Amino acid sequence: MVGGYTDPEGTRQYFGSLVLGLYDEHKKLIHVGQAGTGFNHATLKQIHTALKEIESNKNPFASPVDAKRVHWVKPVRVAEVKFSEWTHETDEGGLKLRAPVFMGLREDKNPEECTLAGQVDVAAHT
């Protein structure tokens, strides 16, 4: 689930990373990390255009997000990412994706299907 994007840095155009989240059992959007790799110039432009259409001035996440220069979006776009593992839960926040790589936007998934419990349970059994 995409809840925002960060400003680009260096020579990159359009955006730096996607700010990702999953819903918890109380239907609150929980920040699980950022994906800043897996894009080419064309996908950066395409996704930036799509996200500009759903920009919001409200943080959709249940708690503050530790990222710089975030542009919030309505949480209506589902991103598919691959990642190496879930990090361990810490005092600073919950589980986070380790080394997430963007694979594409999913048009066939409902945002409400993106739940933390379902993803962590699947990851724990693979």
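Residues are numbered from 1 along each chain as its sequence is written, and side-chain values use heavy atoms, with hydrogens and water left out. Because the model is predicted, local features need pLDDT of at least 70 and side-chain atom pairs count only at pLDDT 80 or more, whereas totals for chains, interfaces and linings use all residues.

The protein contains two helices and seven strands, which follow one another from the N terminus as β-β-β-α-β-β-β-β-α. Helices (H or I, at least four residues) and strands (E, at least two) are DSSP runs, numbered from the N terminus. Of the 126 residues, 36% are buried, where buried means under 20% relative accessible area, exposed over 50% and partly exposed in between (1.4 Å probe, protein chains only). The accessible surface of the protein is about 7,700 Å², with 49% of it belonging to carbon and sulfur atoms; these areas come from the Shrake-Rupley method with a 1.4 Å probe, and for residues only the protein chains shown count as cover. Among contacts (heavy atoms within 4.5 Å) with a separation of 6 or more, 56% link residues 24 or more positions apart.

Five strands form an open sheet in the order E3-E2-E1-E4-E7, with antiparallel pairing. Strands of a sheet pair through backbone hydrogen bonds, either parallel or antiparallel; here, two strands are taken to pair if DSSP finds at least two bridges between them. E3 and E7 (101–106) are the edge strands, each pairing on one side only. From one strand to the next, the twist averages 50 degrees. Although E3 is an edge strand, five of its seven residues are buried, so E3 is largely enclosed by the rest of the structure. The antiparallel strands E2 and E3 are joined by six bridges, and glycine 21 has histidine 31 of E3 as its bridge partner. These two strands form a hairpin with five residues between them, and lysine 27 in the turn has a positive phi of about 65 degrees. Helix H1 lies across E1, E2, E4 and E7 and runs at about 120 degrees to E1; axes are lines fitted to C-alpha atoms, for helices over the stretch in contact, and angles run from 0 to 180 degrees between N-to-C directions.

The largest nonpolar core has 29 residues, of which Leu18, Leu20 and Leu51 touch the most other members. Such a core is a set of buried Ala, Val, Leu, Ile, Met, Phe, Trp, Tyr and Cys residues joined through side-chain atoms within 4.5 Å. Two or more residues each come from E1 (2–6), E2 (18–23), E3 (29–35), H1 (41–52) and E4 (70–82). Beyond its neighbours within four places in sequence, leucine 51 contacts Val2, Tyr5, Leu18, Val73 and Arg77.

Arginine 77, in strand E4, is buried at a relative accessible area of 19%. The side chain of arginine 77 makes a polar contact of 2.4 Å with that of glutamate 107. A polar contact is a pair of N or O atoms within 3.5 Å; within protein, one must be able to donate a hydrogen and the other to accept it, and residues adjacent in sequence count only if both atoms are side-chain atoms. Residues touched by arginine 77, not counting those up to four places away in sequence, include Met1, Ala50, Ile54 and Leu105.

Isoleucine 47, in helix H1, is buried at 3% relative accessibility. Leaving out residues up to four places away in sequence, isoleucine 47 touches Phe15, Leu18, Phe39, Phe102 and Leu105. Isoleucine 47 and leucine 105 are 58 residues apart in sequence and 8.4 Å apart in space, C-alpha to C-alpha.
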